[in-house]
Amino acid sequence: MASEHLKGSDGASAPILEPGQTFRSVSEKISSLVLERKTGLGWFAGLGITFLGFMMMMFAISYLLYWGVGVWGVDIPVAWGFAIVNFVWWIGIGHAGTLISAILYLMRQEWRTSINRFAEAMTLFAVVNAGLFPILHLGRQWLFYYLIPYPNTMTLWPQFRSPLVWDFFAVSTYLIVSLLFWYIGVVPDMATLRDRAQSRLGQVTFGILSLGWRNSARHWKRFQSVYLLLAALATPLVVSVHTIVSWDFAVGIVPGWHSTIFPPYFVAGALFQGFAMVLILTVPLRRFYHLEAYVTERHLDFMAQMTLVTGLIVTYGYVCENFTGWYSGNIYERYLVINRALGPYGWVYWLTLACNVVAPQILWFKWARRNTLILFLIGIIVSIGMWIERFTIVVTSLHRDFVPAAWGMFYPTIWDYATFFGTVGFFFMLFLLFVRLFPVVPMFEVRELITTLEKKGEYNKGSEASPSGVVSEGAQSA
Amino acid sequence: MSEQEHIYGLSAEFREEQQLLDAARRAYDEGYRKMDAYAPFPVEGLADAIGMTSTRMPLVVLGGGVFGGVSAYILQLYASVWHYPHNIGGRPYHSWPSFIPVIFELTVLCAALAGFVGLIWRNGLPEPYHPMFNVREFREHGSQDRFFLCIEADDPKFDRQETERFLASLEPERVSAVDS
């Protein structure tokens with residue numbers, strides 16, 4: 001997908017920016033979504049439904065805090081239930097946002113421009129949800145701060161050799177760095193909104209958020225320097241975060257977990273599922289907010305290709321797992337493979353394969369990659385597939401490990417489901433608020449893109465329909 | 001001269017980024033130093049054209065990263081070896097490979113925080129008021145579709161008539177006095 005691709009060898013390929021956009025039309029279109037567009041009933045309905053989900057989450061959490069983790073289905077031998085599944089799933093969703101905003105930035109992939117803002121927002125909201133679960137999973141949630149190394153009267157320190165402590169550092173770093181990266185990118189657009197806002201409230205709010213940004217060339221130079229460095233920092237960070245998440249499993253000696261394939265397999269799985277979530281968010285956003293000029297078929301095509309590629313890496317992970325089970329010669333590993341496919345949770349495993357291996361193969365076809373409905377459905381199928389994949393990893397390894405006398409089953413309770421679906425509601429609620437209150441496409445980056453494409457001779461900026469200016473020497477200042 | 005004390009500078013407004021880039025280079029060649037260029041997106045080479053050829057932001061980020069990494073190592077060394085030595089699965093107290101993940105994460109965290117704080121601080125933000133906002137066209141177009149070059153009054157070469165004539169010769173849309 002290098003830049004030679006952008007020129008489009010065949011006439012049918014869509015541009016990465018619809019022709020006719022000017023600096024002004026970009027500002028008008030994107031900022032009007034925040035400042036002028038009437039909030040539709042659909043938005044309110046969506047907010048209402050997702051808010052109910054959020055309330056369900058709050059209720060489930062309160063119930064959990066009152067009664068303790070016994071309200072969940074976790075027990076021995078399956079002591080890691082939905083909480084860890086949800087944690088891994090949510091944090092994986094975040095990773096595609098960072099991939100789009102940071103890694104594709106470093107690789108100078110111009111198609112990232114229109115989608116990076118909401119992909120980053122997706123990252124933030126997913127990480128917020130992810131961060132909840134390890135804390136909720138603690139026995140005494142209110143003592144979670146014991147994970148922070150601080151001098152205390154108990155003279156206790158965290159156990160720095162434990163992946164669970166690494167996890168705490170990785171996830172909190174990821175959340176903070178994603179937030180900083182996102183906010184730095186938002187500041188110049190806040191200045192545009194400040195200048196375009198008609199209401200006093202808008203002017204003051206966006207004025208504060210813009211920090212008084214005035215588009216000075218000196219500021220831009222430092223901005224670009226820091227933005228590039230943050231992208232370069234976020235790239236290894238995103239790999240490290242999911243690697244550390246996979247170490248939560250791989251460092252243990254449980255059959256099916258103790259494997260060196262886990263880090264790359266987890267990182268690829270995270271990106272796979274993250275791209276699926278980007279598709280779920282992009283397709284309706286593009287349609288309902290009429291962003292077809294900025295998020296073109298080309299973007300959908302690229303995202304579908306990324307989904308396919310990461311899906312194939314995940315498939316390789318599945319193959320490798322089964323190979324290890326056979327080649328290790330270890331009876332526990334071998335039994336895990338048999339039990340995973342044919343045991344009581346066998347149907348979950350086959351469903352995982354259907355969702356993650358079989359379904360994405362349709363993306364080999366160009367017509368499928370350009371069909372928004374298919375992409376949306378693939379997004380949903382892959383998201384479900386990746387959730388149950390994590391379920392398979394967590395539950396099947398634990399429920400039958402070394403001693404048959406200690407085998408057992410995991411039965412989730414209504415509180416497991418309420419917490420999980422609640423966080424889904426919370427995620428979409430935050431996203432709906434974001435699309436209403438923030439510019440969903442980075443305006444300054446699209447302006448820059450117009451110039452870049454124009455210089456390359458791939459784009460014709462529309463002419464601005466205003467009369468040529470008159471030089472007025474010594475004009476009055478306002 | 002007394003007139004100059006009342007204004008922040010003179011600004012010229014352009015339609016295209018190339019015009020601004022050329023104007024900035026001409027102004028620099030002319031000998032003006034205290035000036036700033038404003039564009040609604042980063043224009044390549046614009047900062048260099050007004051004489052800002054380098055930025056210290058990479059050093060700030062590097063400093064943050066080094067601080068984060070070193071302090072993370074010292075923290076773990078202090079906690080695991082000296083203050084609370086504890087036998088975990090027979091591993092040595094100083095089991096440095098296990099310390100790498102936290103060192104890495106804190107390196108990234110401190111580097112990113114240093115970059116963010118450095119950016120805000122070196123840019124002098126937050127700065128809600130700036131004289132450029134007194135120019136109506138700048139408020140209406142500066143963050144959207146126009147390009148501005150402002151030569152500031154405290155530039156030693158600044159002379160109200162002379163500078164105005166110079167800016168007008170660059171064929172801008174208009175030249176405005178910027179109230180301080």
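Residues are numbered from 1 along each chain as its sequence is written, while chains are lettered from A and ligands numbered from 1 in the order in which they are written. Because the model is predicted, local features need pLDDT of at least 70 and side-chain atom pairs count only at pLDDT 80 or more, whereas totals for chains, interfaces and linings use all residues.

**The core**

Begin by selecting I91(A), M122(A), V177(A), L20(B), A24(B), L46(B) and L149(B), which have the most contacts inside the largest nonpolar core, a set of 181 residues. A nonpolar core here is a set of buried Ala, Val, Leu, Ile, Met, Phe, Trp, Tyr and Cys residues joined through C-beta atoms within 7 Å. A residue is buried if 20 or more other C-beta atoms lie within 10 Å of its own, exposed if 12 or fewer, and partly exposed in between, with C-beta atoms placed from the backbone. Next, select residues 217–250 of chain A: this is helix α8, which gives the most to the core, with 17 residues. Helices (H or I, at least four residues) and strands (E, at least two) are DSSP runs, numbered from the N terminus.

Now centre the view on V177(A), which, leaving aside its neighbours within four places in sequence, is in contact with L233(A), A234(A) and L237(A), and also with V108(B), L109(B) and A112(B); two residues are in contact if their C-beta atoms, placed from the backbone, lie within 7 Å.

**Where the chains meet**

Colour the two chains separately, and look for the 69 residues of chain B that are in contact with 57 residues of chain A. On the side of chain B that touches chain A, the largest share, 16 residues, comes from α4(B), which spans 96–122. By class, this side has 39 nonpolar, 14 polar and 16 charged residues, where Ala, Val, Leu, Ile, Met, Phe, Trp, Tyr, Cys and Pro count as nonpolar, Asp, Glu, Lys and Arg as charged, and the others, Gly among them, as polar.

Stay on helix α4 of chain B and select W121(B), which is exposed, with 11 other C-beta atoms within 10 Å.

**A strand with two partners**

Select residues 7–14 of chain B, strand β1, which is largely enclosed by the rest of the structure because seven of its eight residues are buried. β1(B) pairs with β4(B) in the antiparallel sense over six bridges, and six bridges also join β1(B) to β3(B), residues 147–152, again running antiparallel; strands pair if DSSP finds at least two bridges between them. At L10(B), the bridge partner in β4(B) is A177(B), and I151(B) stands opposite in β3(B).

**Backbone details**

Turn to the loop between α3 and α4 of chain A, where P77(A) lies; the peptide bond from I76(A) to P77(A) is cis, with omega near 10°. In the loop between α4 and α5 of chain B, select P126(B), whose peptide bond from L125(B) is also cis, with omega near -5°.

Finish with L211(A), in the loop between α7 and α8 of chain A, which has a positive phi of about 60° although it is not a glycine. L211(A) is partly exposed, with 18 other C-beta atoms within 10 Å.
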